[in-house]
Amino acid sequence: MNKIGKNIVMSLVIPVVVYLFFFILCNATGNAGFGVGSDLQTILYTSVYSGLIAMAMAINLSSGRFDFSIGATMVLAIIIGGNVAKDYNLGAVGLLIVTVLIGLALGAVSGLVYTVLGLPPMVVSLGLAMIYEAIGFIFNKSKGVKLMGKNDLLIFAKMPWIVIVIAVVLVVMVLLWDFTKFGYERKALATGQKIATDQGINEKKNAIICYIISGVLLGIAGCVYISKYGTVSPETGLSSSSYFMTAFLPMFIGGAIAKYSSQPIGIYIGAITQAFITSGLSWLGFSSSAMTVMNGVIVMAFLVYTSNSHILVEQKMFKEKLEKARATREAKEAKEG
Amino acid sequence: MKKRLLSLALCAVMSAGLIAGCGSSDSSESSGTSSSGSAAESSEEASTDTADVSNFPEETIKIGVESFDTTDEQFMALQEYLDYLADNMNLEMVYSESIDSAEAEMDFIDSCASAGCDAIFAYYNVSPEAIQETIDKGMYYWGTEQYAPDYEDNEYYVGCYTFTEDDSEENGDYLGGYELGYSLGEQGVKHVFYCNGGASFGVQMFIDRQSGFEAGIEAAQADGYEIEYDSSADVIEGWPGTDDFTAAVSSKLSGDYDGAAVSFNAATLFQPINDAGKADSIKIAAIGGVNDTYYDAFNNGLVSTIVYDCEEVVFGNGIVAIINAVTGHGDVTRDGDAAGRVLTYRWTLTDPDQFNAIYDMHDAGEYYITASDVANLCAEYNSSITFDEINEYYQSFTLENTVK
């Protein structure tokens, strides 16, 4: 198998195995609806929504910046964008553009505040989350945004738009990640900030761009979310943090399989895997609490694996070296004997 | 120095944001012209005049209002009514942020005491300690029927509302859930799923609603309605926004259900049901409000039942009790020796005409119980008023009497 073939297999093996596992189990237990028809549509929605949030989180987290304002940014962007699109009859594309622009602006504010203040990102993002939540609460007299029944606006959770959205996002993200100066600099900063800045990479500029991209992704995620539910309520008391709780598993799976493709693709594959697990457990009748436990166990397992995978590589390397040394000694002894 | 200044500026902006988020809203408009309608006619003492009561009570009464979620639609509707009263009477409201723990509740009560509040209006309560803390701080406390037996002898505990005439353990949440289940059975629904909100996470109000819902289903079945419900298979746990909720809704909508009961804001189901092409075949029953969220859905038949607590009827009596207590007429809050429980009726809306009548009235900034009606129930304003008359007055506001 050539390298490309191996990479494709390694990238897809996790979701394929998970899908087959639940498909067989669900069918064996009389739940034939898993992974087909409308359930597949839901899996697609869940994977796109979670994948976008996971990408938005990963772009900063891989550089050590935990952004607590992710949920608040998404909620505020869609509350403002949704109301503007409704009031001015902008249509679905208008909704997407306005929401993305607001997400972009909020991302830029987050990045600027972080770089100007120089405070720990956790502290800055906590403060910004509270501010964004409060603005979202005040906007539209605390009523959030309600677009139920406006099917001309709510297209982004349906076929073919949802596929178009994620395809465009993945293409752009892969290009940005792996084929631009920004992407190389981001990678350099993520793996060795001191060396990268000593080489002349502008860390602040890179961080602001990361926050902006994160804001754009959250704006798109907001459009996908409201297209599914038709309504978004404002959040207060940092309750917007619940929006990014589903981002961790895709992010860790993405981190583990990124070496076979690209981090954005890895994250999206992680999101698909998570969507299969969630849907499968739901068809099997698992309670919400049980699903949360399962999710936590899988995240832990991935963390354990990714944190210790180098040990396996080292062991393999030592074993090879030992065998090579033995072979050399045996050859030498044979020659002498 | 520059960093410090910027940090201070950020803190100032954050504080401003928080204050804006939890401060009182002036969104409601006072009408001053509304009539208390036919229900009020059944109570002789209750006046329907629209006298200017903006200077009543003589001294401003400051009231702290506890909420579990400041974005909850029922709370926002109540907030509009309380703001309307504050605009038309000498009252001031201080609203809590979303209270999610006993500590947050204690903090709010302490901050109310520091701010000079006269009373706590417990739209929500986490722990009985909060009642004791309120009393210890010298403020009056209204609300929380479940703890009333422990505090009803205390003069600072001024009562609560109740939905039951006897000492039944079936509280308001239980009865609300019951109405959801029975109403769907009565409407000919054959198979229903239930969104239980926080019941599986131990949130008492949702546990009570689920128990009530299941009792309502059993009662409907006993009355010959062919409604099916399996408590292990027909339940969706949690709230929207999570992947598991989305997956559970999807699996239910691909089933043979023709009814959905929702123990929280049902609006999050409208679009998924619509997208699944089942808007004409599923009926929703929800504990909800009369507002924009439900207007279209109720009028086009997607929502067939709303169990509704009319703000001025169910909760308004708390303001009457607090004014009476603070103005030195604590005796008017007592039913015998104990703090009075005002019997009110929850409205189960199944007719769009009723929904629209309530919607239109509230949308115009008018209420079934006006500020002058509230003043008339206060002994400082109407010296002949008694607790029995107040109780009788609020009881008269049944759906049938009030909404023609």
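Modeller: Two residues are in contact if their C-beta atoms, placed from the backbone, lie within 7 Å. In chain A, 80% of the contacts with a separation of 6 or more are between residues 24 or more positions apart. This is a predicted model, in which local features need pLDDT of at least 70 and side-chain atom pairs count only at pLDDT 80 or more, while totals for chains, interfaces and linings use all residues. Residues are numbered from 1 along each chain as its sequence is written, and chains are lettered from A and ligands numbered from 1 in the order in which they are written.

Colleague: How many helices and strands does chain A have, and what counts as one?

Modeller: Helices are DSSP runs of H or I with at least four residues, strands are runs of E with at least two, and both are numbered from the N terminus. Chain A has twelve helices and two strands. Their order from the N terminus is α-α-α-α-α-β-α-α-α-α-β-α-α-α. Along its principal axes, the C-alpha atoms of chain A fill a box of roughly 95 × 60 × 35 Å.

Colleague: Why is A:Gly35 called partly exposed?

Modeller: A residue is buried if 20 or more other C-beta atoms, placed from the backbone, lie within 10 Å of its own, exposed if 12 or fewer do, and partly exposed in between. A:Gly35 has 19 such neighbours, so A:Gly35 counts as partly exposed. Of the 337 residues in chain A, 48% are buried.

Colleague: Where is A:Gly35, and which residues does A:Gly35 touch?

Modeller: A:Gly35 sits in the loop between helix 1 (3–28) and helix 2 (37–61) of chain A. Leaving aside residues up to four places away in sequence, A:Gly35 touches A:Tyr19, A:Phe22, A:Phe23, A:Leu40 and A:Ile43.

Colleague: What makes helix 2 of chain A oblique to helix 11 of chain A?

Modeller: Two packed helices are described by the angle between their axes and the distance between the axes. Here the axes are lines fitted to C-alpha atoms over the stretch in contact, and angles run from 0 to 180 degrees between N-to-C directions. Helix 2 and helix 11 (residues 263–283) of chain A pack at about 135 degrees, with axes 8 Å apart. Therefore helix 2 of chain A is oblique to helix 11 of chain A: under 35 degrees would be roughly parallel, over 145 roughly antiparallel, 65 to 115 roughly perpendicular, and the rest is oblique.

Colleague: Which residues in helix 2 of chain A meet helix 11 of chain A?

Modeller: Among them are A:Asp39, A:Ile43, A:Ser47 and A:Met55 in helix 2 of chain A, while helix 11 of chain A brings residues including A:Tyr268, A:Phe276 and A:Ser279. The contact divides into eleven nonpolar, ten polar and one charged. Ala, Val, Leu, Ile, Met, Phe, Trp, Tyr, Cys and Pro count as nonpolar, Asp, Glu, Lys and Arg as charged, and the others, Gly among them, as polar.

Colleague: What stands out in the backbone at A:Leu238 and B:Thr144?

Modeller: Most residues other than glycine have a negative phi, and most peptide bonds are trans. A:Leu238 has a positive phi, near 65 degrees, and B:Thr144 has a positive phi near 60 degrees. A:Leu238 is in the loop between strand 2 (231–232) and helix 10 (248–257) of chain A. B:Thr144 is in the loop between strand 4 (140–143) and helix 6 (148–151) of chain B.

Colleague: Buried or partly exposed: what is A:Leu238, and what is B:Thr144?

Modeller: A:Leu238 has 17 other C-beta atoms within 10 Å, so A:Leu238 is partly exposed. B:Thr144 has 22 C-beta neighbours inside 10 Å, so B:Thr144 counts as buried.

Colleague: Which residues does a cis peptide bond join?

Modeller: One such bond joins A:Met159 and A:Pro160, with omega about 0 degrees. Another joins B:Phe56 and B:Pro57, with omega about -5 degrees. A:Pro160 lies in the loop between strand 1 (145–146) and helix 6 (161–178) of chain A. B:Pro57 lies in the loop between helix 2 (37–41) and strand 1 (61–67) of chain B.

Colleague: How is chain B divided?

Modeller: Chain B has domain 1 (33–167 + 310–402) and domain 2 (175–307), with bounds from an automatic or database domain assignment. The centres of the two domains of chain B, taken over C-alpha atoms, are separated by 29 Å. Their contact takes 13 residues from domain 1 and 16 residues from domain 2 of chain B.
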